Amino acid sequence: MKLKMAAGATNGYSLLRSSTSLSAPLSAYRLRSFLRQRSSALFANRGFHRFPSYGGGALSRKIAIPRFVDLVTEELAELRSKKHLCAAGKTALLSNDLTEDKLDKHGLQKGMLLEFQKDSERVLLAVTQKPDGKKNWMVYDQNGVMSSIKPQQITYIVPGVNGFDHAELPDFVQRAHNMLDHSILEFAWSEMFEKNKFVSTEELAEIVYGCRDPLESYCAHLLLSRDDIYFTVKENKGFYSIYQPRPPGQVEELMNRKLAKEASDKELEDFIQLLRSARASAVSDKPHKSSWKVDEKVWSKIESLEAYAVDLCKSDEQKKIAGKILRSMGLPKMSSAAVQLLIDIGYFPVHINLDLLKYNIRTEFSEEVLLEAEDLLLASSDADESNRKDLTSLKVYAIDVDEADELDDALSAMRLQDRRIKLWIHVADPTSYVQPHSSIDREARRRGTSVFLPTATFPMFPLELAMKKMSLQQGIICRAVSVSVILHPDGSISEYAIENSVIRPTYMLTYESATELLHMNLEEEADLKLLSEAAALRLQWRCQQGAVDTATIEPRVKVSNGDDPEPGINVYIEDQAGPAMRLVSEMMILCGEVVATFGCDNNISLPYRGQPQTNIPASTFSHLPEGPVRSSALVKIMRAAEMDFRMPIRHGVLGIPGYVQFSSPIRRYVDLLAHYQVKAFLRGEALPFSSGQLEGIVAAVNSQGKIARKLSNISLRYWLLEFLRRQTRERKFRALVLRFIKDRSASVLLLEVGVQASVLVSLGIQVGDDVFVTVIEAHPRDDILLLKEVGVAQ
């Protein structure tokens, strides 16, 4: 269809457009040039000889002559009598002789042009086809799709059109698009506001295009409906709206907002280009993490992405910015997508530990704490110097993992003349350096515990202070609090004492080397053998008191170069029932029992820990094999631990009347609290904390401890799965069946890796059997491990 548009002509000029350029809109520049050309012809007869200047913007114009719009209106009035409607082919413009019986109650009939709301984001032009029920209409939209629309979806009916052929719709839409020039609204707004006039779409079409023809009217509608600066809807009349010009102050504010948004969009566009460039770069060429912090605007967007990645956005605005970035990058608005994007640009390492960020783990010390630590490193005074017992003649064994930085405990033993065994548990004495409520103490309390991860350790105290001053060091005289115990032949406590001391550690042993020494049974290491004998007596006595043995195997992972895409992974398996680990754990339990007894005997407020025994007797599981299988079953029925701060409570699982954690004051703040209390008592001073104060502090510290344990467990499992992911599909792993979950689905423990998983096993396999499995899939980030059983181990 070809629409013939009426165009007025006055004094030899086209009103606002040429009949030979129907599809070309007037730009603001062309409009103003045209108006200047028209000024002499239109204003001369009215006594004016100069067209007003429009320089300086819409808001600053000062016009002292009649508005051109009035002159245009007068000319148009003369033309209305001559204006006619034309038809081309089968297309006819809507005439005034249409009767109501040709229209439905909404004024619709076949072949009308209308605009409708397709969805929340799209508005389309369409041609009516036929009614669809009582209210709805079937329409062909500009994309060639036929659909049924409701009357409330209609946003505008193009006036003056009837019998429109939907095949002509794309051409109509394209011509309208070509004619749009939003800058002409500034001219129209200036004129309308000056005269305080409202305007309809048809009236605007007459002003800026010179006629009310369908194409021009639709273009005027598009200009007004999409405008968010100059005009606002005054009222709605059916499917048509009346618009009013906004006040200049509001226009200025909206224009400033628009400019700010455009600047923001440009800023975002530039940032997206940075991201795309970084993502496309080779690993060695990606920007260093610090380079993203140079520009404040770039850094704020990276921060938004980082916060979104760990679900810790500080505001809706930060979340909105991250969402825009992800959408612009063609990524879903998901935290995992933000993580991967930050990895792809080199900001995050491939194996980023998100939980460090999520739980806000303190990885650095403040300047104030570091300065205080430096002062303590230089200090040599010791308030307990005159009250320290010299135990440097004892052979002292410190046993720990090989990469331990903080060594807080060591052991000694001797056989008395009456054949009883005397033991010493030497514990590092950080309270001889750190005082309650000091900067370092407050920081240690906030941390609650040292955090041990496969990739790094984040200590409770500044590391240099912890290692050089507080820790026990081989061959060096060290301050300690020594808990001495004489055992009865059955393993129970006969005598005990707690004293300030100085010791000189003889050996720093790993669990592996200590086990080897025990197996060698060397005469010169008789004291180590005596410690092992005492540990066996203690275990036997505790079991007689109802203790539950939950020894199992535990994995330990050491990762080197954790920021590399393929860091080194070393997996160690620690057997808690092994000689060295059993020796150390029994001595630590003994130390805790002695301190609880000491606190009870002297009415000292301490963080006493207990754990009630389950109502299900341990004998219920006696049919299960000893070791991981039985321990796994027992752990699942254990009751939660309890705390008291006035007197000891029974620790049923350990089989002792009371227990206080005391052996790791450099690593655990609860142990440090016990040291503060015991040391004050030994000095004859008032206790620094009441039972109520202890309760409040321990509640906060235990909360941090739970986070640290959770973080350590998650990180450990991540690296175990990463280790398994790297293995060949052919490698077989020996797995111990711990229990059945459902039918033939069993929970198994991979003995060479120390990780638990589920797997379908063959018929006939029982709890306690060993099977071989292979790894089908391992996804560390998603905590997915799929195994396949490939045979029974003999």
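**The second largest pocket**

Modeller: In the protein, 67% of the contacts (heavy atoms within 4.5 Å) between residues at least 6 apart in sequence join residues at least 24 apart. The model is predicted, with local features needing pLDDT of at least 70 and side-chain atom pairs pLDDT 80 or more, while totals for chains, interfaces and linings use all residues. Numbering runs from 1 along each chain as its sequence is written, and side-chain values use heavy atoms, without hydrogens or water.

The protein has 20 helices and 28 strands, taken as DSSP runs numbered from the N terminus (H or I, at least four residues; E, at least two). The second largest pocket holds about 1,600 Å³ of space, the volume filled by probe spheres set on joined grid points. A pocket here is an open set of points on a 1 Å grid where a 1.4 Å probe fits, with protein on both sides within 12 Å along at least five of seven lines; lining residues have an atom within 4 Å of a point.

In this pocket the lining comprises 49 residues. Nearest its centre are I352, N353, L354, D355 and L357. Two or more lining residues come from each of α8 (296–309), α10 (335–344), α11 (354–358) and α20 (691–725). Of these, α20 gives the largest share, eight residues.

By class, the lining has 23 nonpolar, 11 polar and 15 charged residues. Nonpolar covers Ala, Val, Leu, Ile, Met, Phe, Trp, Tyr, Cys and Pro; charged covers Asp, Glu, Lys and Arg; the others, Gly among them, are polar.
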